[in-house]
There are 2 protein chains.
Amino acid sequence: MNSMDSYKKAVLLVIDGLGDLPTPKTPLQIAKKPNLDKLAKNGITGLMSTIAMGIVPGSDTSHLQLFGYEPMQFYPGRGPLEALGIGIELEQGDIAFRANFATVTDDLSIIDRRAGRIETAIGKELEKSVNMKIEDVEAIFKSSVEHRGALVLRGPGLSASVTPTDPHGPGKVLESAPLEPGAEKTARILNKFSKEVYARLKKAEANKGRKLPANMILLRGPGPFRYVPSMFEMFGISSACVAGGALYKGVARYVGMDVINVEGATGTKDTNLKAKANAAVNALKDHDFVFLHVKACDSFGHDGDCKGKAKMIERIDKELISILAKSGAYLVITGDHSTPCSRKGHSGHEIPILVYGKDERTDDVKNFDEISCMKGGLGHITGRDVLPIILNLIEKSMMYGT
Amino acid sequence: MNSMDSYKKAVLLVIDGLGDLPTPKTPLQIAKKPNLDKLAKNGITGLMSTIAMGIVPGSDTSHLQLFGYEPMQFYPGRGPLEALGIGIELEQGDIAFRANFATVTDDLSIIDRRAGRIETAIGKELEKSVNMKIEDVEAIFKSSVEHRGALVLRGPGLSASVTPTDPHGPGKVLESAPLEPGAEKTARILNKFSKEVYARLKKAEANKGRKLPANMILLRGPGPFRYVPSMFEMFGISSACVAGGALYKGVARYVGMDVINVEGATGTKDTNLKAKANAAVNALKDHDFVFLHVKACDSFGHDGDCKGKAKMIERIDKELISILAKSGAYLVITGDHSTPCSRKGHSGHEIPILVYGKDERTDDVKNFDEISCMKGGLGHITGRDVLPIILNLIEKSMMYGT
């Protein structure tokens, strides 16, 4: 391998939920996106199934796969990734959960499982009163945006093989139960946590006068944290992440990326795309590889808002792609899965992918969309192929054999 | 299976390092190659990743994969393949190394790690004085071309888990060290070998008066030899190899091919292509499958010589393809990996592949190059697919099921 060449860095831009279905056109086909189309014209394109053809990927597993980490081997469950994303320092053996503030009655019947989507500041205020010690276990809670947060249990003899307390629908707060021998203690701690949280939150200052007081924390997605080799250890590259959403930052921290916090990168529809693009380009100075994530197209897909998704793509093209295209870095642009507006949820349809670099091969595809990329020179690839392609672009591959 | 048909034989032509990047055209696009283009027009084409998309293959692993031997299962390391290629008869348990004659000072500091690229005849002369017995271990050395050779250790209790004596750069001859318990003896033998080689070579007749005497042998790429099932045992086909370079002959011997030595097949840029093509066609008389290897395109790639690579492709087209095309055999033409002239090294970019046979399907690709073959009817395949395709062509496949 020869790495003396000029500018061997790469940006992987993941436009969340990018792929769609034609109604009769897809958002990518509707959107005016001269910059993306120019990159398609001067690059090489194809279609990608993040996991495998037809498989519907979650956001966590799909990102792990794109970063070169086989989900079957490395997926720790959603809890640890959320907790890392919120900024909790995890330790080997910690059990982490996704958490929701909710409103419940005295008999723990759920009235609103998001506590009226409390403001982020209220969550931060309440957070202080629910960190506690139960038996010999520390319960570490941190809130994130609105009603969301993560809980970490730290102590001896814990297990992630327990049922959730969150019914994920109407009903009562669930009693956690062990799923295998040895998990009894963890279930008991969780049930004590639910009781103690209710006792503390119902008299919390920040809940006073609220119609839907945030007086419960619902838990789901348990997972055990363990250290995994970093991208530097696995692939010999330094890497950075620019993202708004906690989950994406969490996956990035899990694989050892430097997470760069950007003012205005909210993970929502009004995110500051220019700031994110500039932060990504800036991060290229001292990283081989930058992962840049934009969430909003997925949210428009979940809302069934095809026009909104097309408009978001136009914003990305104008405010973000224009900056990336001038960076001189290799660009790999794709999504983590399709979120068709007609389905309002993830689907297993392939996602367009585009590879651009000044010395790379080109095909004759001139537009970046689901239909044009069917004829792309990359053909049909999977998420497993993406990191090897990137390592090959920036000449950081380890040769297989001699 | 039906093997009564007329002429069911196949040649696999591997043009080493064939694939390239556009600057702005690739050597395959630049070269005038009417015979290859005619085969493309009348055959079916595609792109191949020898190992997997984006993975940078070595020459040894890639050939094993093309012959239907999974490298993860069958790769013995470089040493045994080189030793076999040089013509050493290996036995189960032998530990083999790649070897270089070098010039060192009395304190074993390396002055020239190729001993001034000594003539092949000098190496042959010196070879005699460095075969020795150390403790109960035989050290069998054989030189090949210029400063190159292979060392085999044969005896009880040996291990390949030792560090090399070749620093593969400036410095001193390294002390070999065991990498795991049980490898101490092998490391000790290697260190005794270094000392004894220096003692013997510094007074060797052939070194007298040389400015850069070949007074040391540097060792790397240790690997244990073991018998693997031959291609006949694995796939039921008789096979032959026509190649110049020792490594390619070595891989061929390892998988049980008959290695045919051809006058003028040097593995260099002035190799006798007509002689090789004729030898391959001749070998078809009593073999089902002939592997034909041409090295020089890879060498031009390593030298960054795009025009030289294009001219070599033109020579191959004129002197070799013309003969193969008249053989009546099925032809599979590809490379083992890309060696882009702009990178001067191997890369993980796909390699064009072409399958031709008078009764085979055809696509509408008319030129054999990296860009045209993106649209080929074979699509994107891997090295794992190549031998099954060949067995299917010559009707030697074992049916999977009934």
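What follows is a walk through this predicted model, from its chains down to a few strands. Residues are numbered from 1 along each chain as its sequence is written, and chains are lettered from A and ligands numbered from 1 in the order in which they are written. Because this is a predicted model, local features need pLDDT of at least 70 and side-chain atom pairs count only at pLDDT 80 or more, while totals for chains, interfaces and linings use all residues.

Let's start with how the chains relate. The copies use different surfaces, as 5% of the contact residues of chain A recur in chain B.

Now for the interface itself. Here 20 residues of chain A are in contact with 31 residues of chain B, where contact means that C-beta atoms, placed from the backbone, lie within 7 Å. On the chain A side, β14 (379–382) and α13 (383–393) each supply at least two residues. Helices (H or I, at least four residues) and strands (E, at least two) are DSSP runs, numbered from the N terminus. The largest share, five residues, comes from α13(A).

Next, look inside chain A. It is divided into domain 1 (10–75 + 228–393) and domain 2 (81–224), with bounds from an automatic or database domain assignment. The C-alpha centres of these two domains of chain A lie 32 Å apart. Where they meet, nine residues of domain 1 are in contact with seven of domain 2. On the domain 1 side, helix α9 (residues 246–254) of chain A gives the largest share, eight residues.

Strand β3 (residues 95–104) of chain A runs antiparallel to β7(A), joined by six bridges; strands pair if DSSP finds at least two bridges between them. In this pairing, A:Ala99 has A:Gly149 as its bridge partner. Strand β6 (residues 137–143) of chain A also pairs with β7(A) in the antiparallel sense, over six bridges, and A:Ile140 stands opposite A:Val152. The hairpin of β6(A) and β7(A) has four residues between the strands, and A:Glu146 takes a positive phi near 50 degrees there.

Over in chain B, eight strands form an open sheet in the order β10-β9-β11-β1-β12-β13-β2-β14, with mixed pairing. β10 (258–259) and β14 (379–382) of chain B stand at the edges with a single partner strand each, so one side of each is left without a neighbour in the sheet. Further in, strands β9 (residues 239–242) and β11 (residues 289–294) of chain B pair in the parallel sense over four bridges, and B:Val242 stands opposite B:Leu292.

How values were computed
Contact = placed C-beta atoms within 7 Å.
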